[in-house]
Number of protein chains: 2
Amino acid sequence: MSLAATGLSAQQALREKANTTSPELSADGHVTFRLIAPAATQVSVNGDFGIGGANTSAAMTRTDGGVWEYTTPYALAPELYSYSFMVDSVRFNDPSNVYQLRDISTLSNIFIVPGDGDLYSVNDVPHGTVSKIWYSSPTLGFDRRLTVYTPAGYETSGRRYPVLYLLHGMGGDENAWSELGRATQILDNLIASGKAEPMILVMPNGNASQQAAPGESHHGLVVPQTRLPRNNKGTYEESFPEIVSFIDRTYRTVVAKEGRAIAGLSMGGMHSMQISKEYPDMFGYVGLFSAAVRNMDTTISDVYKDLDAKLARQFKAEPKLYWIAIGKDDFLYKENVAFRQKLDAAGYPYIYHESDGGHIWRNWRDYLVLFVPQLFK
Amino acid sequence: MSLAATGLSAQQALREKANTTSPELSADGHVTFRLIAPAATQVSVNGDFGIGGANTSAAMTRTDGGVWEYTTPYALAPELYSYSFMVDSVRFNDPSNVYQLRDISTLSNIFIVPGDGDLYSVNDVPHGTVSKIWYSSPTLGFDRRLTVYTPAGYETSGRRYPVLYLLHGMGGDENAWSELGRATQILDNLIASGKAEPMILVMPNGNASQQAAPGESHHGLVVPQTRLPRNNKGTYEESFPEIVSFIDRTYRTVVAKEGRAIAGLSMGGMHSMQISKEYPDMFGYVGLFSAAVRNMDTTISDVYKDLDAKLARQFKAEPKLYWIAIGKDDFLYKENVAFRQKLDAAGYPYIYHESDGGHIWRNWRDYLVLFVPQLFK
């Protein structure tokens, strides 16, 4: 048993028996979760597979042979879902499902319910290249890791491409948009269907104190932070031109405002707002997804001073698109109302999209799908 | 609780409480595993952290508050280790450790005991770029995914680099060497210390029937195969020049035999032997790591015919290095003895390295560390 348990040998792992089949998706969209745990007294499955994507906790029923099982009484809409088990009050992931994603300090299992026009799956379309590449940041004081997507055909076309800089939220990192956000699958699919222009996608690490995602820097396989990092001191925003300059040097880009977009979620929306107004000639397109658009403490950094004057300068330079999206239940909703009132009062043009739901990846993936087709036309 | 359990919102996951701290490494190299599971009656930890890297199963002891704990009575040598828990006979991964790797159909937790000259960790050295890129294979009939490492400086140097093609074993895929094999960290570290030439590393998918690793093709988030794939029909070997041609077109390579190496483990060692003798002018360096070097059924494919004559042709063309490594306990040991006898009888030069242990990643990482410094000098 100890041999079989380690899974470190290819030959040994081949002979490892999975716990059971879980999750299982029926043809009509119901999902069944299973766990063989004969000695357990209480097992539940917890995730965002409730009706309308609500977070839900469902007791699993013990059947023959110690198999615990739960089937949703409703069909699930096409979406990427996340779940885990509670076994006698201990949170474990499903040992039958190798697909897991980390969000900050927590791994959860995922599954996808595919559907017509499924944009989150790897479909049978040409695929872009996804690279992990390091750039040097003199402002922040170290080399830093980026995720870069170049569209299918980039290697052979010889042409230049526009660039979307896509920023993560607090607790995220350079892996967040390509993993939880399915951004590379979304781009592959939107480009293949002709709904989006072929473009480069740059997903930097927005934590000024961090070189790379947990486990990817020389700090080793550390436990990811579980507290909000206190690194919004304006230095990340100040360092951003280093990223743009690196990308323009390294890839065949359209080196012009009309060939650059910046968008982000939550803290990344704040960064997108701050950076785009700080460098009004850098980005032609701006996307704020559930953005933290509060007034920052102006004593922290010059970046946070003179917001109104900088917004005036930005809108005088006429961005092609300023797009704001948020869910009705988002805890940043009021902050966004206030920010839109500011834009309205000054007569600055923007497009507003309001969705259901709160501060969740499901919304951010949706917003990306809505935002990207509007770029670089 | 259901909100906290899903981990799908960045803000929510920040507030998620980890089970406990596990694994914990003491300053003197002892490791402690922990799990808070008050209702459990029996918990063990299983992995390759035994003395000398042996697979081991250790009962954990219940302490106050339902905390189960086990500390190794010995210090662990610097190495990458793998483990999982058995909780009342159910195999779960450690909910406190987000670092896991998939081997075929099984996820296991990992940790690294760092040491002097640690080659498996991300160290504070220049980092190469790691890309997932797709190429077209007319021979196999679809687009296929590759992992490509380009060394630090590639983007700006303008120079050409030699290429090591590194092949996985049965049940592996294009992710195996960069994940379980730590190949990109090993290359970063060996190049930074001057022990290896800067080189490109190409890690293809060696399963002729597969486009990409599980979850990375349009077959969706399928359960990985648990049976040996029956796809050694010579077609992968026949298709290999497509990969070399794609790499030579797409990257700045040394387009010559003396700028190409091929090495692989187990089935990948078989592929390396077969491909290098099939195309005797393609590779200047060959590495067989725990290779399956048996005589293949010659009725399956022309590739497997005339082995002796093809080896004679290959050695007449004088490869710069033919390197064979295997562990004393490997189930392919006898097969390798027979193959070396064949080479010896014909007077073909090769270098042989025999290690302790069996058919395990620990050995394959070691072999890569020994092989790479011999290349392209």
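The questions and answers below concern a predicted model.

User: Where in chain A does Glu69(A) lie, and is Glu69(A) buried, partly exposed or exposed?

Analyst: Glu69(A) belongs to strand S6 of chain A, which covers residues 67-71. Its relative accessible area is 27%, and since buried means under 20% and exposed means over 50%, Glu69(A) is classed as partly exposed.

User: Which residues have the most contacts inside the largest nonpolar core?

Analyst: In soluble globular proteins, nonpolar side chains tend to be buried together. The largest nonpolar core of this model has 44 residues. One of the residues named for it, Phe49(B), touches residues that include Phe33(B), Ala54(B), Tyr70(B), Leu76(B) and Tyr83(B), not counting those up to four places away in sequence. The residues with the most contacts inside the core are Phe33(A), Val45(A), Phe49(A), Phe33(B), Val45(B) and Phe49(B).

User: Is Gln211(A) buried or exposed, and which side chain does the side chain of Gln211(A) join in a polar contact?

Analyst: Gln211(A) sits in the loop that runs between strand S14 (200-203) and helix H6 (235-250) of chain A, and because its relative accessibility is 10%, Gln211(A) counts as buried. Among the residues that Gln211(A) touches, not counting those up to four places away in sequence, are Trp134(A), Phe142(A), Arg144(A), Asn205(A) and Ser217(A). The polar contact between side chains has a length of 2.9 Å, and the partner of Gln211(A) is His218(A).

User: How are H7(B) and H8(B) oriented to each other?

Analyst: The axes of helix H7 (residues 267-278) and helix H8 (residues 307-316) of chain B come within 8 Å and cross at roughly 70°. The contact is made by residues that include Met273(B) and Lys277(B) of H7(B) and Leu307(B), Leu311(B) and Gln314(B) of H8(B). The crossing is left-handed, and because angles of 65 to 115 degrees count as roughly perpendicular, H7(B) and H8(B) are described as roughly perpendicular.

User: What is the handedness of the crossing of H8(B) and H9(B)?

Analyst: H8(B) packs with helix H9 (residues 333-346) of chain B at an angle of about 60°, with the axes 11 Å apart, and the two helices are therefore oblique to each other. From H8(B), Leu307(B), Asp308(B), Leu311(B) and Phe315(B) meet Phe339(B), Lys342(B) and Leu343(B) of H9(B). The crossing of H8(B) and H9(B) is right-handed.

User: Which residues of H9(A) meet H8(A)?

Analyst: In chain A, the axes of helix H8 (residues 307-316) and helix H9 (residues 333-346) come within 11 Å and cross at roughly 60°, which makes H8(A) oblique to H9(A). H8(A) passes H9(A) in a right-handed crossing. On the side of H8(A) the meeting residues are Leu307(A), Asp308(A), Leu311(A) and Phe315(A), and on the side of H9(A) they are Phe339(A), Lys342(A) and Leu343(A).

User: How many of the residues of H10(A) are buried?

Analyst: Helix H10 of chain A covers residues 361-371 and is described as mostly covered. Its buried residues include Trp361(A), Trp364(A), Tyr367(A), Leu368(A) and Phe371(A), and also Arg362(A), Asn363(A) and Arg365(A). The number of buried residues in H10(A) is 9 of 11.

User: What is omega for the peptide bond that joins Ser22(A) and Pro23(A)?

Analyst: Pro23(A) is placed in the loop between helix H2 (10-14) and strand S1 (24-25) of chain A. In chain B, the peptide bond from Ser22(B) to Pro23(B) is cis, with omega near -10°. The bond that joins Ser22(A) and Pro23(A) is cis, and its omega is about -10°.

User: What is the phi value of Ser290(B), and is Ser290(B) buried or exposed?

Analyst: Ser290(B) lies in the loop between strand S16 (285-289) and H8 of chain B. At 0% relative accessibility, Ser290(B) counts as buried. Although Ser290(B) is a residue other than glycine, its phi is positive, near 45°.

How values were computed:
Residues numbered from 1 in each chain as written. Chains lettered and ligands numbered in written order. Predicted model: local features only at pLDDT ≥ 70, side-chain atom pairs only at ≥ 80, totals over all residues. Heavy atoms only, no water. Helix = DSSP H or I, 4+ residues; strand = E, 2+ residues; numbered from the N terminus. Buried < 20%, exposed > 50% of the residue type's maximum accessible area, 1.4 Å probe, protein only. Polar contact = N/O pair within 3.5 Å; in protein donor to acceptor, adjacent residues only side chain to side chain. Contact = heavy atoms within 4.5 Å. Core = buried A, V, L, I, M, F, W, Y, C linked by side-chain atoms within 4.5 Å. Axes fitted to C-alpha atoms, helices over the stretch in contact; angles between N-to-C directions. Parallel < 35°, antiparallel > 145°, perpendicular 65-115°, else oblique. Left-handed = near helix turned anticlockwise from the far one by under 90°.
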